[in-house]
Amino acid sequence: MSAVDWLLESDEPGIVFQVKRDLLGEQDPPEAARVLDGQRVRALLAGQQPDGGFGVNVYGKWGGAHWRLVSLVELGVPAHEKRCVAAAETVLAWLTGASHRSRVKTINGLVRRCGSQEGNALAVCSRLGLADDPRVQLLAESLVEWQWPDGGWNCDKNATGRRSSFNESLAPMWGLHEYWTATEDDAAKEAATRTAELFLEHRLFRVGGTGEAIRPSFVALHYPPYWHYDILQALLVLSRMGLASDPRAQDAIELIEERRLADGRWRAGGRWWKPPGANGGNVEVLDWGRSGQSEMVTLNALRVLHAAK
C-alpha cells in the first residue's frame, strides 16, 4: 500500500479531503463536507464553554482555544464554522485587549514580541473567514510593524537585535501569508517574503559559516509543531507560498526524503506534547500518535515533496 493509499483509508475526513485536494488534484472532494464528523475534530471541539473557550486559559498548553484552533484549521474545518468562530473570539479578545497590548515592549528600537502568538492567530482567523475583522487587521499590521530588520521576530529582551528567533518567526510568516491570501494585502505579502528569505538564507536549518544544524530540533519532524520551528513545518508554509522549489530549500527537502520509511510513510522525530490524562504540563486534548507512522507528518511531507517537484 502506498502512503497516499494509507492516508486515503484514514478515519479522519479532514485528512482524506486534503489528500485528495493537495496530492490528487481533486477540486471538490466529498470528504470536505464531513470534516466536522472526524474523531479528532470532535475531540478538539469537546468541552467548549458558552463563552467560546474551553474552561482553561486561552493560551493554555495545549488545551486552550489558541492551540485547538490551529489544529482544527489544519484538519480542514470550514470557514465561518460557528464553534470555531466563537473560540476565535476568545483569542482575538486576548491578543487585541489592552492588557496584552500594554505588555508589548520596545528595547533599543526593536519590539520584543513572541510573534508566534499573533502569527498563529492571524493564520487561523484568515482561514476561518475573519480577515475583514478590524482586530484581525490589527494583528497583521502589528506583525508588519514589529518585524525585525532581518525579517523575523523575537521576544528575547536580551537579544542584541542581530538575529531574530526562528521559533517566533515561522508562525508569523504563515499568518501573514494566509492574511495576504484572504485580502491581497501587499504589506503582509512583503513581510512574509522577507521572513522566507531569512529562512532560505540559512537553507532552513544551517548555521551561517559552519553549515551545522542551528538546533537538533530543527531537523526533527514534529506534529503538532505549536510554536516551535522545524524544517517540515517551514517547508509546508513555504510550499503554500510557492517557494518549496527554491534551490536553497533543497538541503531540507533531502532530509525529509531521508527520513521516509521503507513503507513510504514518516514517523514523528520528536514530540512537544503528552497524551491526554498525563501528569504535568503540555498535555494534549487528543493523542496524535506516540509510536508508529504519523498521518499528519506523512501528509505534510508528501505535500512538501509534491510542491517541490
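Reader: Hi! What kind of model is this, and how are the residues numbered?
Author: Hello! This is a predicted model, where local features need pLDDT of at least 70, side-chain atom pairs count only at pLDDT 80 or more, and totals for chains, interfaces and linings use all residues. Residues are numbered from 1 along each chain as its sequence is written, and side-chain values use heavy atoms, with hydrogens and water left out.

Reader: Great. How do α9 and α10 cross?
Author: The axes of α9 (residues 166–183) and α10 (residues 186–201) come within 8 Å and cross at roughly 145°. Helices here are DSSP runs of H or I with at least four residues, numbered from the N terminus. Axes are lines fitted to C-alpha atoms over the stretch in contact, with angles from 0 to 180 degrees between N-to-C directions.

Reader: Which residues make that contact?
Author: From α9, they include Phe 166, Ser 169, Met 173 and Tyr 179. From α10, Lys 189, Thr 195 and Phe 199 are among them. Contact means heavy atoms within 4.5 Å. By class, the contact has 12 nonpolar, three polar and one charged residues. Ala, Val, Leu, Ile, Met, Phe, Trp, Tyr, Cys and Pro count as nonpolar, Asp, Glu, Lys and Arg as charged, and the others, Gly among them, as polar.

Reader: Let's zoom in on Thr 195. Buried or exposed?
Author: Thr 195, found in helix α10, is buried, with a relative accessible area of 0%. Buried means under 20% relative accessible area, exposed over 50%, and partly exposed in between (1.4 Å probe, protein chains only).

Reader: And what does Thr 195 touch?
Author: Leaving aside residues up to four places away in sequence, Thr 195 touches Gln 147, Gly 151, Trp 153, Ser 169 and Met 173.

Reader: What about Lys 189?
Author: Lys 189 also sits in helix α10, but counts as partly exposed at 41% relative accessibility. Lys 189 and Tyr 179 are 10 residues apart in sequence, with 8.3 Å from C-alpha to C-alpha.

Reader: Switching topic: where is Pro 247?
Author: Pro 247 is in the loop between α11 and α12. This proline is exposed, with a relative accessible area of 61%.

Reader: Which residues of α12 are buried, then?
Author: In α12 (residues 250–258), those are Asp 251, Ala 252, Ile 253, Leu 255 and Ile 256. They pack against α11 (231–240) and α13 (295–308).

Reader: Now pockets! What volume does the largest one have?
Author: The largest pocket has a volume of about 350 Å³. A pocket is an open set of points on a 1 Å grid over the protein atoms alone, where a 1.4 Å probe fits, with protein on both sides within 12 Å along at least five of seven lines; lining residues have an atom within 4 Å of a point. Points are joined across faces, edges and corners, and a volume is the space filled by probe spheres set on them.

Reader: What lines that pocket?
Author: There are 16 lining residues, of which Arg 21, Asp 22, Arg 127, Arg 240 and Arg 303 lie nearest its centre. Helix α2 gives the most, with four residues. The lining divides into seven nonpolar, four polar and five charged residues.

Reader: And the second largest pocket, what lies nearest its centre?
Author: Ser 164, Ser 165, Phe 166, Ile 214 and Arg 215 do, out of 15 lining residues. This second largest pocket holds about 290 Å³ of space.

Technical notes. Helix = DSSP H or I, 4+ residues; strand = E, 2+ residues; numbered from the N terminus.
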